[in-house]
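I opened the model to look up a helix, a strand residue, a pocket and the aromatic pairs. My entries follow.

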Amino acid sequence: MHFGGAMSEPKTSKVAVILLAAGKSERMGQNKLLLPFGGQLVIQHTLDNLVASRAQGIVVVLGSKASEISEAVSKHNVTTVFNPNYASGMSTSLAAGLKAMKDPAEFVMVALGDQPLIKPQTYDALIATALSTDKGILVPTYYGKRGNPILVSSKHKEELCMQSGDIGGRELLRTCPGDVLEVPVEDEGIIININTKAEYEKRLATIK
């Protein structure tokens, strides 16, 4: 069983990415993904780190400020899809991303656009672990605290598609605990989301 549609040239990593970038950024008061961050925008920084990893077949799901974010990610060879139901929660964007995937994949990585500090090496470590374990749901941890992105095997595709509300795959951690593997990483970026002005200013100061 594979995510995606018709078979095509196999991908090296066998791990595709759905990058969720559709939210309204209500806590920030403006679209956080379009804020400057390290000489780029937040979404560009996040995507650059993903592109630098082994992950392939990246789908960026758009919603709020879709045209601006689409332009911001246009330098990379990624698929963009607009989710007209983005206001109904993250699960609708996840479903839109799954439908837009062009290539088959053993795992899908559900990544968040507001996590620009995750290192490419962290993505690679998660991918390597996913392809060498029999567990179907992987979640990174930083000193015991769970973060993102979550990697989900194709065997859980139906469960992913059935989710509702403002969740991006995390419900599987509760409903399928026996298939979850926690992956410790030395990367605080997995638990850092640029959600508020205070958080943004704090993290911006560290990369100047």
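I call a residue buried under 20% relative accessible area, exposed over 50% and partly exposed in between, with a 1.4 Å probe and protein chains only. The model is predicted, so I take local features only at pLDDT of at least 70 and side-chain atom pairs only at pLDDT 80 or more, while totals for chains, interfaces and linings use all residues. Numbering runs from 1 along each chain as its sequence is written, and side-chain values use heavy atoms, without hydrogens and water.

**Entry: Val60.** I looked up its place first. Val60 sits in strand 4. Helices (H or I, at least four residues) and strands (E, at least two) are DSSP runs, numbered from the N terminus. Is Val60 buried or exposed? Val60 has a relative accessible area of 0%, so I list Val60 as buried. I then listed its contacts (heavy atoms within 4.5 Å). Leaving out residues up to four places away in sequence, Val60 touches Leu19, Ala21, Val78, Thr79, Thr80 and Val81. For Thr80 I also took the C-alpha to C-alpha distance: 4.7 Å in space, against 20 residues in sequence.

**Entry: helix 3.** How many of the 11 residues of helix 3 are buried? I find eight, in a helix that spans residues 90–100. They are Ser91, Ser93, Leu94, Ala95, Ala96, Gly97, Leu98 and Ala100. Their cover includes strand 1 (15–21), strand 4 (58–62), strand 5 (79–82), strand 6 (107–112) and helix 5 (157–161).

**Entry: second largest pocket.** A pocket here is an open set of points on a 1 Å grid over the protein atoms alone, where a 1.4 Å probe fits, with protein on both sides within 12 Å along at least five of seven lines; lining residues have an atom within 4 Å of a point. The second largest pocket holds about 290 Å³ of space. Of its 18 lining residues, Gln56, Gly57, Ile58, Asn77 and Asp103 are the closest to the centre. Helix 1 (42–51) and strand 4 each give two or more residues to the lining.

**Entry: aromatic pairs.** Rings of Phe, Tyr and Trp (its six-membered ring) pair if their centres lie within 6.5 Å; planes under 30 degrees apart are stacked, over 60 edge-to-face, the rest tilted. I find two pairs in the whole structure. Phe82 and Tyr86 are edge-to-face, 6.4 Å centre to centre with 65° between the planes. Phe82 is partly exposed at 45%, and Tyr86 is partly exposed at 25%. Tyr142 and Tyr143 have centres 4.8 Å apart and planes at 90°, so I log this pair as edge-to-face. Tyr143 is exposed, at 66%.

Definitions and conventions
Points joined across faces, edges and corners; volume = space filled by probe spheres on them.
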